[in-house]
Amino acid sequence: MSNPLADMDKPDVIFCIGTNMTECHPVAATRLKKALARGAKMIVADPRRIGLAEIADVHLPLRVGSDVSLLLAMAHVIAREGLVDQAFIDERTTQGEDFMQHVAQYTPEWAAEICECDPADIEKAALLYGGADRGAIYYTVGITEHICGVDNVQSLCNLALMTGNLGREGTGVNPMRGQNNIQGAGDAGALPNNYPGFQTVTDPAHQEKFHRAYGRKVDLETGMTKVTALDLCGDGIHAMIIDGENTLVTDPDRHHCEHALKSLDCLVVIDIFMTDTAKVADVVFPATAWAETDGVCTNTERRVQRLRAAVPPPGEAEPDWWILSQLARRMGWQGFDFGSAKEVFNELCALSPLYNGLDWDRIDRGEYQWPVPTRDHPGTPRLHEERFENGRGIFKMLEYRDPEETISDEYPMWLTTGRRLPQYHTRTQTGRSDGIDYLLSEETLEVHPEDIVRLGLEDGGWAEMSNPRGCLHVKVRATTKSPKGTVFASFAFEDVPVNVLTGGGYDPVTQTAALKACPVALKPVGPPPALGQVGAGSPLGASVL
């Protein structure tokens, strides 16, 4: 996030897009509610009428995968109406004039034909955000899990740059992280293109720095992503370690993932529970859970926080850092003789400019947000206040493009996926709680009542949902929360593995899968059989796995 969580109740106008915050980030969402109570306005762009949409001043129910068209039209209106911050553009950006000329062609009427929103509502949203003294943007994976995920984020950055809504209280472009240490994982170098501290692997100076630190030279090229790695399983890659991820359930095109993992000579999984992915592993190492672990997490607002073990780990469970270090040492690697999480973290601080001013003892109270470049630095709650670290902000000349797969006569419905409040992710943890299971014990498919009638379905009955990658059985729930032509399900329940169907393309820059826009067909069926076998084209359902 460019701004701290404390800023969330300070904007004049809040623009939430691709984020179901009241279900996915319910604690943080209370700050937005405080802002609304204070008199702030809110724009929500989401295909579904989610909880945020119910309290928004403008709801833009855009068609899945059409975000760029909407954001281009909003930029058009802001430029046309003279709502740009020209001083900010002149002093802190580049290509601003070219961008204003670029968006002149993208009217709300043009966008309405694509995103299926009322052009008057697009105008209203643009005028609200463009006219705000303090406008803040919040987004999550509803923006990024598309083949145009990078374009979507850059489009949001364009809006912030043209209005000067960066580097000030109650503004910013703020991604809400989906898990507690996603930010920290990237900070530590768990990315194919960066060393720790987001130091690019293609820079010779960075290569030399880490050569000295690690004693091994790494090629000056971006590493492969998980997408590429799964494609090469059994044909170039013969062993894999998966740490803390239930790949079989979370990744798109489950059949492809299952085939890939079973093609390996050796699959090692490190996890706290025997997940679906762990069940197909050759070796499973039990890891410690959060209350059993000494370590560090960096949260969504870049706050670096200590974890303290409260109870001893059960059985043979060990911290992830210890397991990985022991594996490396047994494979003959040098530099993995860590004796504690403190030593691991202090090495990160020594190597990352973002963390140079920190160490294990200094983060004792969790008061610092990176970057903290020196020992006497107070931390950086708000980014970009005086300048952009890499120079000037760059406007991007973007154009709309369709999802890789679009609806057709054969597959006429859009499927979009997400999370629900009671059950988290793949239920690895929440699925083991009877109390949470009471709140949400099964998966259902949200279908608009008019689509139920048109397709011959029944509320509470069963539907077969299919596309060329496979099919599954799922219980139908009639609701106007999802618009006509679009259905919604989570990916939480292993007995309704929705990601059998997803996987229609990847962003060419990040290789993030298109999980939010998937054409499917629906037809009524009876309840699923008691037993069955998962396989390509086989119907999967409530008691099949």
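Reply: Start with strand S10, where 5 of the 6 residues are buried, so S10 is largely enclosed by the rest of the structure. Buried here means under 20% relative accessible area, with exposed over 50% and partly exposed in between, for a 1.4 Å probe and protein chains only. Strands (E, at least two residues) and helices (H or I, at least four residues) are DSSP runs, numbered from the N terminus.

The model is predicted, so local features need pLDDT of at least 70 and side-chain atom pairs count only at pLDDT 80 or more, while totals for chains, interfaces and linings use all residues. Residues are numbered from 1 along each chain as its sequence is written, and side-chain values use heavy atoms, with hydrogens and water left out.

S10 belongs to an open sheet of 3 strands, ordered S9-S10-S11, with parallel pairing. Two strands pair if DSSP finds at least two bridges between them. The edges are formed by S9 (239-243) and S11, each of which pairs on one side only. On average, and ignoring direction, neighbouring strands are turned by 15 degrees against each other. For such angles, axes are lines fitted to C-alpha atoms (for helices over the stretch in contact), and angles run from 0 to 180 degrees between N-to-C directions. In general, strands of a sheet pair through backbone hydrogen bonds, either parallel or antiparallel.

On the S9 side, 5 bridges join S9 to S10, and Ala 239 is opposite Cys 266 in S10. On the S11 side, 4 bridges join S10 to S11, again in parallel. There, Val 268 has Val 283 as its bridge partner in S11, and Val 269 stands opposite Val 284.

In H15 (residues 254-262), the buried residues are Arg 254, His 255, Cys 257, Glu 258, Ala 260 and Leu 261. They pack against S9 and S10, and also against helices H13 (226-231), H14 (247-250) and H16 (276-279). Contact means heavy atoms within 4.5 Å.

In H17 (residues 320-330), Ile 323, Ser 325, Gln 326 and Ala 328 are buried. These residues pack against S10 (266-271) and S11 (283-286). After H17 comes Gly 332, with a positive phi near 90 degrees.

For a helix pair to set beside this, take H4 (residues 67-80) and H10 (residues 149-163), whose axes come within 9 Å and cross at roughly 10 degrees. That makes H4 roughly parallel to H10; angles under 35 degrees count as roughly parallel, over 145 as roughly antiparallel, 65 to 115 as roughly perpendicular and the rest as oblique. From H4, the residues in the contact are Asp 67, Val 68, Leu 71, Met 74, Ala 75, Ile 78 and Ala 79, and from H10 they are Asp 151, Asn 152, Ser 155, Leu 156, Leu 159, Met 162 and Thr 163. By class, this contact has 9 nonpolar, 3 polar and 2 charged residues. Ala, Val, Leu, Ile, Met, Phe, Trp, Tyr, Cys and Pro count as nonpolar, Asp, Glu, Lys and Arg as charged, and the others, Gly among them, as polar.
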